Amino acid sequence: MTSTDSGFFGRLTWDAFPIAGLIQNPGANEIVANAAAAIVVVGVVAVVGLLSWFRLWGPLWRDWLTSVDHKKIGIMYIVFAIVMLARGVLEGVVMRAQQAAGPGDGFLEAEHFAELFSTHGTIMVFFVAVPFVFGVANYVVPLMIGARDVAFPVMNQIGLGLTVSAGMMLMVSLVVGEFSTGGWTAYPPFTGAAFNPGVGPDYWIWAIVVSGIGTTLTGINFAVTIYKLRAPGMKFTRLPMYCWTIICSSILIIFAMPPLGVAALLLAADRYLDFHFFTNDLGGNMMNYANLFWLFGHPEVYLLVLPAYGIYSEIFATFSAKRLYGYNSLVIATMSIAILSFTVWLHHFFTMGQSALINAVFGIATMLIAIPTGVKVYDWMATLWRGRIRFSVPMLYGLAFLMLFVIGGLSGVILANPTVDYQVHNTLFLVAHFHNVLLPGVLFGLLAAYNYWFPKAFGFRLNESWGRISVALWTVGFMLTFLPLYFVGLMGMPRRSFSWEDPSFHPYMIVAVIGALVILGALLSILVQLWVSIRDRDSTRVPVGDPWDGRTLEWSIPSPPPEYNFAIIPQVTDRDDFAAAKERGQAYPTPDAYEDIEMRRNTGIGFLLCVFSGVWMFALVWWIWWLAALMTLTMLLAVILWSFDTNTEEIIPAEEVRKDHEAWLALVHSAQAVDRDHETAPENQGLARPDMEAVT
Amino acid sequence: MKRAPSHSYPGINLGENHASADKATEVVTFGFWVFLMSDLVYFGLMFGVYITMIDAQAGGPGPHELFDLKSIFAQTMILLTSSLTVGLAMLALKYNLPRPRIVLWFGVTLVLGISFLVLEIRDFVNMAAQGGIPQRSGFLSAFYGLVPLHGLHVAAGCIWLIVLGIQLRMMGLTDLLMSRMVRLALFWHFLDLIWIGIITIVYFGGLAYG
């Protein structure tokens, strides 16, 4: 190791900046790299400039960065996820363009292409899907269970801080140095020091370790929140389906993030300290890495998709105006999937030489997961059956999901057969499969959630027409991009190849790149939808809070909700408590008395840890040892000093709560109720007139 | 008939003498149990890695050359005693014994924890002198990935004890500090549990199969 002979800036030199590459070696490859770096730099400058111009630094610090309010933390998670989604989609388009430019070598160099698929995978899994899933959970779960915040509001803020600082490392790697070329799985020995001495794998390692810690904290938080903070009367049998999926997802995090942390840290020990966990020599064993990584990796996909199942469950029930069909079977199916997800990791490396018997066992275990998933699909269809269905945007996403996800799931069952897997392993068939479950499964679910709960968070509805356009673009874009990959995969085209020769692949590649452009359009349509919705917000306001004739507690409070969520903690008597209350004519009760509400005071600890951990990671990547040591001490000291702060609660007086709540109740009583036909009309102020009797 | 004491969380509860602290501790202690579960998975995986790498000695020194069971016995006794003293501190807290008694038992725990670390580091130095460094083989990498990880946890526990001592001096025996003591005690017992795994699997297992 040369790690001891580094200077003040470690191994950071002028060559680490992409502009140096452009000067030395001008060409398409370097232009793409510099354009990407420029987007990051311009983006940062623009954000800083706009914040200064509008004098928003103060409000940003007071209302957002130091906030411990789960609702604001949730929104920040989602904003972060959408920023990262933009980068991930752009990378996808560049990769599809590279492969469509063939046969031959395309316009990118092999290294650059490898960086693209590595960052694309890492970003989409860890910095889009995870923060988006937990952003929605942050916003919705406490409202659904009738709580005033999560169990550990400050830990929640720290989890966000760590996730964001880790994500920033991927942005920094665009401008300083390069990212890993080892794929999102970063298999050694390729990512070990012997074959890959550069900074790339180190960026991957520290981003994964730090975001993993953040995610673990979040998982613990949500498990405890749902176990301990449910409103009185909300037994587990009355818990909304979405909260069930979040509790399963949290359990998966608690048990599945440690293997990832272990895998990444052992790889770091190999790279930094010359250990021999996964090296080729002196007794290292790469298979330990593959096992550790996928012991995390497989539960990971379920911890992402289960919350999406929960979202669809809520949406199908609401937009069918029916009680969710088969609640018990859905709960059992969710738990079964959570447990089975720990028993199938080996199917990610059927071809790595274990015995046929072991492959068969894991193949069968994998196929078993299709059973609870199938139960869910039938339950959702039965929920729709004879419902009062509205084809609103969230429902459209749900229907696209139902049809496309079944294809993705069944291609998974095909892959679960080890003999088939030997043929299609490492081909684009696999890429088609997991995009087929992750886009219609996870991403469509999250976008549906965004459309569904947006009026709750901001007090006005999103534009319906642009929402429909974006559903259409996402659906068509997905099908054009990924369904052709099944065919080229079966024809034998390997995944992750920057270059290919067989001309019969070409038509499929052309279709796929057109699809990628449609997906880019879909991404833009979401931004346009947001822009148009903000512009027209005066005609879509829903202050009463129940625009969709909702069924669960979050719809029983104002939109946007007050900081403390519930003026009076509700007493729950039914599974769809708010729907039942509306049916009995007991919604919006006037409380007898109000109480002082104790809330957690704002704190800067999460933001400080975000900054310190970011500098710490950068110092480690570039071997700036003094700075890494300094940051380690600083973080330790920050946490210790923070533990001395005992003035952590503030009181919202009962009188203030009463005033706000009564003003809202007056609005409820004066508002005009709308039926389901006028859900998207301007007269929908968020007071619902149910036009279908509850079906139990 | 005597009423069964209510337990709002597993382990020693603060009990009726500290009703308000007991209630305030319920959620956070449950959360801490969940964290320990997650931490346990870390150790479990490191045990797994160690087991798969016992044979990966690559011609370097193995358990028979490197492990000093006398020192391990001493460390075991020290750590088990510290678990006893932390338990006594919790009982002193629960039954409202004079505060010096609580401080005494936590203080003894701290001294034992530091003694354990001194002995452990001495072992590592001795191993290194015989060529037993992590860079030598997969087996030694696995050893140094696991045993010092436990040591790091003990060190964290010691820092926690010191911080808690300062806070006790500054703030008095508040509900918040009592709640932190409950969690520290859980953490300390957890470290003991891991150590039992380490002597069984790393040291005895290593000597039996290595």
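## Backbone sites with positive phi

A:Leu282 sits in the loop that runs between helix H8 (241-273) and H9 of chain A. The model is a predicted one. Although A:Leu282 is not a glycine, its phi is positive, at about 55°. A:Leu282 counts as buried, because 20 C-beta neighbours lie inside 10 Å and the cut-off is 20 or more.

A second residue of this kind is A:Trp623, which is not a glycine and has a positive phi of about 60°. A:Trp623 is placed in the loop between helix H19 (605-621) and helix H20 (625-642) of chain A. With 22 other C-beta atoms within 10 Å, A:Trp623 is buried.

## Cis peptide bonds

Most residues other than glycine have a negative phi, and most peptide bonds are trans. In chain A, the bond from A:Gly102 to A:Pro103 is cis, and its omega is near 0°. A:Pro103 belongs to the loop between helix H4 (70-100) and helix H5 (110-144) of chain A.

The peptide bond from A:Ser559 to A:Pro560 is also cis, with omega near -10°. Here the loop is the one between helix H17 (506-535) and helix H18 (577-584) of chain A, where A:Pro560 lies.

## A helix pair in chain A

Two packed helices are described by the angle between their axes and the distance between the axes. For helix H9 (residues 286-318) and helix H10 (residues 327-340) of chain A, the axes come within 10 Å and cross at roughly 170°. H9(A) and H10(A) are therefore roughly antiparallel to each other, since angles over 145 degrees count as such.

On the H9(A) side, the contact is made by A:Tyr302, A:Leu306, A:Tyr309 and A:Ser313. H10(A) contributes A:Leu330, A:Thr334, A:Ile337 and A:Ala338. By class, the residues of this contact are 6 nonpolar and 2 polar, with no charged residues.

## Chain A as a whole

Chain A has 21 helices and 2 strands. Its C-alpha trace spans about 75 × 55 × 45 Å along the principal axes. Of the 696 residues in chain A, 53% are buried. Among contacts between residues at least 6 apart in sequence, 82% join residues at least 24 apart.

The domain assignment of chain A gives domain 1 (1-254) and domain 2 (320-389). The centres of domain 1 and domain 2 of chain A, taken over C-alpha atoms, are 28 Å apart. In the contact between them, 6 residues of domain 1 of chain A meet 8 residues of domain 2 of chain A. The domain 1 side holds 5 nonpolar residues, 1 polar residue and no charged residues.

Chain B has 6 helices and 0 strands, in the order α-α-α-α-α-α along the sequence. Its C-alpha atoms fill a box of roughly 65 × 30 × 30 Å along the principal axes. Of its 210 residues, 38% count as buried. Residues 24 or more positions apart make up 79% of the contacts in chain B with a separation of 6 or more.

Which residues form the contact between the chains? It takes 28 residues from chain B and 31 residues from chain A. Helix H1 (19-53) and helix H5 (138-171) are the elements of chain B that give two or more residues to this side. H1(B) gives the most, with 14 residues. The side of chain B that touches chain A has 18 nonpolar residues, 10 polar residues and no charged residues.

Definitions and conventions
Residues are numbered from 1 along each chain as its sequence is written. Chains are lettered from A and ligands numbered from 1 in the order in which they are written. This is a predicted model: local features need pLDDT of at least 70, side-chain atom pairs count only at pLDDT 80 or more; totals for chains, interfaces and linings use all residues. Domain bounds come from an automatic or database domain assignment. Two residues are in contact if their C-beta atoms, placed from the backbone, lie within 7 Å. Ala, Val, Leu, Ile, Met, Phe, Trp, Tyr, Cys and Pro count as nonpolar, Asp, Glu, Lys and Arg as charged, and the others, Gly among them, as polar. Helices (H or I, at least four residues) and strands (E, at least two) are DSSP runs, numbered from the N terminus. A residue is buried if 20 or more other C-beta atoms lie within 10 Å of its own, exposed if 12 or fewer, and partly exposed in between; C-beta atoms are placed from the backbone. Axes are lines fitted to C-alpha atoms, for helices over the stretch in contact, and angles run from 0 to 180 degrees between N-to-C directions. Angles under 35 degrees count as roughly parallel, over 145 as roughly antiparallel, 65 to 115 as roughly perpendicular and the rest as oblique.
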